[in-house]
Amino acid sequence: MRSFLTSSLLCAAFAAPFAMAQDDSPVGLWKAIDDSSGKPSALIRITERQGELQGKIEKLFRAPDQDQNPLCVHCKDARKDQPIVGMTIVSGLRKTGREYGGGEILDPKDGKVYKSKLVVRAGGRELEVRGYVGVPMFGRSQVWLRQE
């Protein structure tokens, strides 16, 4: 019994850093909550490739009377008139300490691209996403909720 207890404690000690690291990762599926209405707006999947994050819209939460597959009519780059579902809206973010920054985020409602940073919080259950112009003080934040 004593060796079982010792083995269990050793396994827990080695597994703890990996579990904590996973909680700090923004990789996964997130429900975006609109900062003005407080209602869900989209599901965004964040992936990481070569240390860089990107996020694509997988689903939009829209009223039944709204177009369920809208196009980004206000976008000014290659995303102009492309479907919003499947669109990459977060890109170029790299980890710096507890934050991810140095990237950008697209607001498909108005087609504007903002500098962006994000922070995982609440034990990995929430993601604070900030879009800004110039410096982070001049921007707005949303809280996204982990879905996986």
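I began with strand β4 (residues 88-96) and strand β5 (residues 99-107), which run antiparallel and are joined by five bridges. For these entries I took strands as DSSP runs (E, at least two residues; helices are H or I, at least four), numbered from the N terminus, and I counted two strands as paired if DSSP finds at least two bridges between them. I noted that T96 stands opposite E99 in β5, and that in this hairpin of β4 and β5, with two residues between the strands, G97 takes a positive phi near 70 degrees.

The model is predicted, so I kept in mind that local features need pLDDT of at least 70 and side-chain atom pairs pLDDT 80 or more, while totals for chains, interfaces and linings use all residues. Residues are numbered from 1 along each chain as its sequence is written, and side-chain values use heavy atoms, without hydrogens and water.

Next I followed β5 onward to strand β6 (residues 112-121), where the antiparallel pairing extends over seven bridges, and I found S116 in β6 as the bridge partner of G103. The hairpin of β5 and β6 has four residues between the strands, and there G111 takes a positive phi near 75 degrees.

I then turned to strand β1 (residues 28-33) and strand β2 (residues 40-49), an antiparallel pair joined by six bridges, in which L29 has R45 in β2 as its bridge partner.

Finally I asked what the eight strands form together. I recorded a closed barrel with antiparallel pairing, running β1-β2-β3-β4-β5-β6-β7-β8. Neighbouring strands of this sheet are turned by 30 degrees against each other on average, direction ignored, where axes are lines fitted to C-alpha atoms (for helices over the stretch in contact) and angles run from 0 to 180 degrees between N-to-C directions.
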